[in-house]
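I open this notebook to record what I looked up in one structure. The entries follow in the order in which I made them.

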Amino acid sequence: TADGKVTITISNGSDASSGYVVGTNNGVLSNVYLDTGKASSDSYNNEIVNINYSALVQTNTGLITNCYVQGLTRRNFTLAETNGGIIFASASSVKYMPLTNSSEADPLYGLVKENSGLISDCYSHSFGYSANDSYKIAVYGFAEKNTGTIQNSYYYINEDMKNDNDDKGCY
């Protein structure tokens with residue numbers, strides 16, 4: 001674009017096997033901003049057609065630095081599903097809206113699902129949303145499973161998680 005930014009469109013990230021900017025990152029991803037999209041409706045119960053299964057990478061064994069993922073997503077992780085490399089100075093701020101509104105919905109992993117590498121100087125501002133008041137989505141601030149190192153990072157508890165329960169299920 002004229003302002004020097006690159007626009008990436010993820011084609012039909014509509015199921016769990018698609019929607020990555022990169023499948024496996026063995027190199028360097030730097031200065032990438034991924035907007036996962038916005039809903040076409042304000043009501044969760046109406047058909048929402050613009051929420052994709054979007055994430056930066058599926059597997060990271062390289063370096064992710066200064067990257068940011070934000071928006072609405074059906075994907076329950078934001079930067080990588082598995083990280084065996086380095087994630088540095090990166091962040092996520094997504095509203096996770098699973099297809100199901102029951103206890104069968106997967107939890108949200110703030111940055112990655114599994115970490116065996118290094119996550120440093122990162123933050124997550126992500127939360128889960130369920131239209132079912134009786135079901136709350138579990139949120140792991142950084143990772144569900146960590147056998148690596150997470151340092152100098154923080155999870156910001158979104159105001160919607162604490163205060164927006166009238167809007168059905170921001171937890």
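**Cysteines**

I searched the whole structure and found 0 disulfides, a disulfide being a pair of cysteine sulfur atoms within 2.5 Å. I note that this is a predicted model, in which local features need pLDDT of at least 70 and side-chain atom pairs count only at pLDDT 80 or more, while totals for chains, interfaces and linings use all residues. Residues are numbered from 1 along each chain as its sequence is written, and side-chain values use heavy atoms, with hydrogens and water left out.

I then looked up cysteine 67. Its sulfur lies 9.5 Å from the closest cysteine sulfur, that of cysteine 122, which is too far for a bond. Cysteine 67 is buried, at 2% relative accessible area, and cysteine 122 also counts as buried, at 2% (buried means under 20% relative accessible area, with a 1.4 Å probe and protein chains only).

I found an open sheet of 5 strands in the order 1-4-7-11-16, with parallel pairing. Strand 1 (20-25) and strand 16 (145-146) stand at the edges with a single partner strand each, so one side of each lacks a neighbour in the sheet. Strands here are DSSP runs (E, at least two residues), numbered from the N terminus, and two of them pair if DSSP finds at least two bridges between them.

I recorded 3 bridges between strand 4 (residues 55-60) and strand 7 (residues 80-83). Asparagine 60 has asparagine 83 of strand 7 as its bridge partner.

**Isoleucine 87**

I listed the contacts (heavy atoms within 4.5 Å) of isoleucine 87, leaving out residues up to four places away in sequence; among them are Asn60, Ile64 and Cys122.

Conventions. Buried means under 20% relative accessible area, exposed over 50%, partly exposed in between (1.4 Å probe, protein chains only). Helices (H or I, at least four residues) and strands (E, at least two) are DSSP runs, numbered from the N terminus.
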